[in-house]
Amino acid sequence: MNNHRINDQRKRELLSTTVEHIDIRSFDARPIIDAMGRMSFTSRDLARATGIYNQMLADPDCTIFLVIAGSTSAGGCMDLYAELVRSNMVDAVVATGASIVDMDFFEGLGHKHYQALEIPDDDTLRSLYIDRIYDTYIDEEELQDCDFTIGRIADGLEPRAYSSRAFIREMGRYLAEHGRKDNSLVRLAYEHDVPIFCPAFVDSSAGFGLVKHQVDRMKAGKPYMVLDAIADFRELTDIKIKAGASGLLMIGGGVPKNFVQDTVVCAEILGHEDVEPHKYAVQITVADVRDGACSSSTLKEAASWGKVSTAIEQMVFAEAGSVMPLLASDAWHRGLWKDRTPRRWARLFA
């Protein structure tokens with residue numbers, strides 16, 4: 001990269017307005033959700049989904065999995081997810097690498113996401129080293145700092161196999177010692193023993209840093225750490241086996257959705273035929289049920305695979321950034337989380 005060729009003034013103009021993440025504690029969505037429950041269409045779907053999430057929180061035997069795909073973290077929901085961990089409203093996280101690394105860990109290092117108040121030609125953005133997520137900007141130079149930090153974390157580890165959960169825990173440890181944002185999902189998950197799994201971890205900025213770690217070690221004739229995707233599946237299944245009743249709060253779909261649902265089938269393959277399907281399930285998505293993809297497959301379809309019970313489930317077809325703040329604020333203000341026993345599933349692998 002030739003820094004001297006970047007128009008710094010133009011770059012500063014485009015990166016002038018930061019994304020402000022919503023604080024679900026600052027407003028009470030209960031009256032809105034109650035009113036939506038008396039409406040129709042997506043409003044009533046959201047009210048029912050919120051009620052199901054509150055049922056998960058009220059069930060003393062229920063382990064809650066937060067499942068994140070898509071870019072809602074960059075778009076303003078980052079502190080929302082962090083609050084769910086801080087307030088003991090979720091017990092484990094399954095997410096895309098982008099949500100965990102490019103977005104949360106990235107801001108944990110002190111960087112920001114920016115509102116794209118104007119969108120010039122994307123070739124112009126490239127010349128300025130600005131990356132675009134719809135109407136949100138990221139400074140590519142700052143993102144590369146995230147890449148290199150991941151590499152340095154890998155360099156400091158014993159050269160052996162790690163699940164994504166184990167490596168992300170090291171990322172949380174790094175933020176606890178060197179981070180510049182207390183309200184980070186990765187950091188809070190580390191501090192509260194909430195495991196985070198990324199089944200496609202290297203499909204993110206982590207991939208660049210880990211490739212550099214491996215190449216540098218190979219050139220030096222030294223051993224290197226590797227990610228063990230099978231351990232990811234085994235560890236997440238271990239949690240499902242020991243958890244018993246479980247609930248899914250899913251934003252988007254894709255690999256994280258299928259990964260967490262498959263734990264029921266994996267447990268059965270391992271001989272645990274008494275493991276029940278996920279008891280509760282909510283999915284918020286804009287994926288079209290006609291497209292044949294995993295993201296848009298309904299929760300009722302998952303029941304045919306033995307993954308999810310059809311008794312307490314709700315699909316909400318909406319852009320998650322517009323409805324998750326209402327769902328989460330309602331649940332936070334109803335306060336059912338205050339009586340929950342922390343699961344601390346990360347200690348299962350200590």
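Take Cys 77: the nearest cysteine sulfur, that of Cys 198, is 17 Å away. Cys 77 is buried, at 3% relative accessibility. Cys 266 counts as buried too, at 16%. Buried means under 20% relative accessible area, with a 1.4 Å probe and protein chains only.

A word on the model. It is predicted: local features need pLDDT of at least 70, side-chain atom pairs count only at pLDDT 80 or more, and totals for chains, interfaces and linings use all residues. Residues are numbered from 1 along each chain as its sequence is written, and side-chain values use heavy atoms, with hydrogens and water left out.

Now strand 1, residues 63–68. Helices (H or I, at least four residues) and strands (E, at least two) are DSSP runs, numbered from the N terminus. Six of the six residues in strand 1 are buried. In a regular strand the side chains alternate between the two faces of the sheet. Here, both faces are covered. Thr 63, Phe 65 and Val 67 sit on one side; Ile 64, Leu 66 and Ile 68 sit on the other.

Who are the neighbours? Strands pair if DSSP finds at least two bridges between them. Strand 1 pairs with strand 9 (246–251) in the parallel sense, over six bridges. There, Ile 64 stands opposite Gly 247. Strand 1 also pairs with strand 2 (92–95), again parallel, over four bridges. Ile 68 has Ala 95 as its bridge partner in strand 2.

Next, the largest pocket. A pocket is an open set of points on a 1 Å grid over the protein atoms alone, with protein on both sides within 12 Å along at least five of seven lines. Its volume is about 510 Å³; that is the space filled by probe spheres set on the points. The lining has 24 residues, and Gly 70, Ser 71, Thr 72, Tyr 134 and Glu 319 lie nearest the centre. Lining residues have an atom within 4 Å of a point. Which element gives the most to this lining? Helix 4, with five residues. Strand 10 (278–285) and helix 14 (320–334) each supply at least two. By class, the lining has eleven nonpolar, eleven polar and two charged residues. Nonpolar covers Ala, Val, Leu, Ile, Met, Phe, Trp, Tyr, Cys and Pro; charged covers Asp, Glu, Lys and Arg; the others, Gly among them, are polar.

Notes:
1 Å grid on protein atoms, 1.4 Å probe; cavity = no way out; pocket = protein on both sides within 12 Å on 5 of 7 lines; lining within 4 Å. Disulfide = S-S within 2.5 Å. Buried < 20%, exposed > 50% of the residue type's maximum accessible area, 1.4 Å probe, protein only.
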